[in-house]
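Keep the sequence open alongside.

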Amino acid sequence: MDEVIQVTQWLSSITPRKKAKLFFFTTHADAPSPMVGSNDVDTHEETQLPPATTVALHNFKNIDEFLKKKVNTFSCYNVIENEITKTDYEYLRFYSACKYLDVVPPFLDLEKISAIQNKFEMTDEERDYRLLLDSADLVLEKVCDSLKPAGVSQMWTALRKDRNLIRGVKTIDIIGFFVDPNPTGIKECLFFFIVRFLQKADKINRVNTNRLERLIAQCDESSSCEEGKTIDFIIDSLRFYPTELYPFGFCLIMCVIEGRDGAMQEIEKTMEISRHLGMITHTEKNPTKETTELVKKELMKPKYQFYSSFTCWFMSHGDSNSMVLADGETIEREWFLTSFPDISTFQLKPKVFFMVSCRGANKFSLKGDEFEGQSATCDYYDIGSALIRNRMLDITDSVRDISYVQPMMDTLVAYSTILDHLSGRANTHGSIYVDRACVLMSENISRGRSLTEILEHLSQDLHEILQETMDEDRMVYKQACHYDSFFRKTLKLPYTRHPKEDVHSAPQ
């Protein structure tokens, strides 16, 4: 059958809603770049033109033409060995979006997709199409599904009132001030236009969503939300790190085995819980300085930008400043914790480090220690929230910026013990901290708990356990763990999402 006829038949089989979503997911690769010049703006305008005309004319002709052009580009594309191109990214995004929406073209060349995945050096686990979907886009899709056409229309009205933001943007004028978002698929086109416009204007990204939240907050709840949804519910969904679908993220386990009883148990536990959480895992046994540098270099490869999060377990002996590696050399803890979070492939994504080692030789001995409770008093003022807000600074959009991000942002570092103190171990089971952390994470899957809630529970649980030194003194002591957080959103534990157990149902 002629390819033109095949493409036409394929497009005619897709519902308007799915066409809007396919366009949204497919244009993902163009979205993150900021508006930094006239040429870029023109490109952005061109990308925004199909949904704008679709909303204005209630006609999907331009989106159909855009998708046809994509299909034709991929059909003529020759996969070049070694060199990763923009088309490679677009091809993978397009394939994953079609798979997710259950609209894969029967004529799509799957061998090309496999060849592109080879260029990215993807393992069998990483060839799951869900890895290629952008979790932030999936969250935005759910937000759109939670809003009625009237809600999206109200967001559009609020956006149009911001003259500084929309000045000189041609596609804004194409849509006009008043729109009818009720025809099937038009609501989706308008919402996705708003989202991509804010992204390209550098007002929102996968972490900074305040500007979008403010638009939603201006909607009238009674007319804007689908049944069972509220404005607060929709806004709250944007305040979590986007980690939709499988995999939850990439997990690196680095464990020194030599001279550490129970180390293999630590590896087994952390591997089990990471897989239970739906992570793709790599284990580095007996890391050295050389292998640590190699691991860091590996994480800079392009394929890792498809992951939604990064988790690292580092288990070894240590002191207040450093950790002991398998070859007897030490690595500065501060260097490790500033170097790894700065890897560009995980920018704007949650990065969690579990640092399991002693940080000194001190012990919190129970013998003879007595504590007296102390209390502090302070003055309380009965001031209404409106009055407080009136007395605060008026922070305008003109003094806000989301382009530059301090490397440690979106990073959480969990320590098994406090500075200068021991980290307890059991002879046969390894680190007690690792054991309790894995137990609590396993127990709280499917309960909607956040990682920080689990860590707070872990702090309470670990500090209740009486431990005993193995030297002649047989001292009984307690261990206190803690964490430092630079998170800007909440990281929720996922539901169990092992790839073999996941049953995918296509969105409507």
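**A guided tour, starting at a strand**

Ser485 sits in strand S13, which spans residues 482-485. Helices (H or I, at least four residues) and strands (E, at least two) are DSSP runs, numbered from the N terminus. With a relative accessible area of 37%, Ser485 is partly exposed; buried means under 20% relative accessible area, exposed over 50%, and partly exposed in between, using a 1.4 Å probe and protein chains only. Leaving aside residues up to four places away in sequence, Ser485 touches Thr411 and Leu412, where contact means heavy atoms within 4.5 Å. Leu412 is 73 residues from Ser485 in sequence, yet their C-alpha atoms are 4.4 Å apart in space.

Before going further, a word on what you're looking at. This is a predicted model, in which local features need pLDDT of at least 70 and side-chain atom pairs count only at pLDDT 80 or more, while totals for chains, interfaces and linings use all residues. Residues are numbered from 1 along each chain as its sequence is written, and side-chain values use heavy atoms, with hydrogens and water left out.

Now zoom out. The chain has 21 helices and 13 strands, and buried residues make up 50% of its 508 residues. Of the contacts between residues at least 6 apart in sequence, 78% join residues at least 24 apart.

Val7, Trp10 and Leu11 are its buried residues to look for. They span an arc of only 95° around the axis, so they lie on the same side of H1; the arc is that of the directions from the helix axis to the C-beta atoms. An α-helix has 3.6 residues a turn, so residues three or four places apart point the same way. The cover over the buried residues of H1 includes helix H2 (16-26), H4 and H5. Asp64 is itself buried, because its relative accessible area is 17%.

How do H4 and H5 cross? The axes of H4 (residues 61-76) and H5 (residues 86-101) come within 11 Å and cross at roughly 120°. Axes here are lines fitted to C-alpha atoms, for helices over the stretch in contact, and angles run from 0 to 180 degrees between N-to-C directions. H4 and H5 are therefore oblique to each other; angles under 35 degrees count as roughly parallel, over 145 as roughly antiparallel, 65 to 115 as roughly perpendicular and the rest as oblique. On the H4 side the contact is made by Leu67, Lys70, Val71 and Phe74, and on the H5 side by Thr87, Glu90, Tyr91 and Phe94. Sorted by class, that's five nonpolar, one polar and two charged residues. In this scheme Ala, Val, Leu, Ile, Met, Phe, Trp, Tyr, Cys and Pro count as nonpolar, Asp, Glu, Lys and Arg as charged, and the others, Gly among them, as polar.

Next comes H6 (residues 110-119), where Lys112, Ile113, Ile116, Gln117 and Lys119 are buried. Their arc around the axis is only 150°, which puts them on the same side of H6. They pack against H4, H5 and helix H7 (129-132). The face turned away from that buried side carries the exposed residues Leu110 and Glu111. In the loop between H6 and H7 you'll find Glu121, whose phi is near 60°, a positive value in a residue other than glycine. Glu121 counts as partly exposed, at 47% relative accessibility.

A second residue with that backbone feature is Asp410, with phi near 70°. Asp410 is in the loop between helix H19 (385-390) and strand S8 (411-415), and is buried, with a relative accessible area of 1%.

Two last stops in loops. Pro247 lies between helix H15 (231-237) and strand S1 (249-255), and the peptide bond from Tyr246 to Pro247 is cis, with omega near -5°. Ser316 is in the loop between strand S3 (310-315) and strand S4 (322-324). Is Ser316 buried or exposed? It counts as buried, at 3% relative accessibility. Its neighbours in contact include Val256, Arg260 and Cys358.
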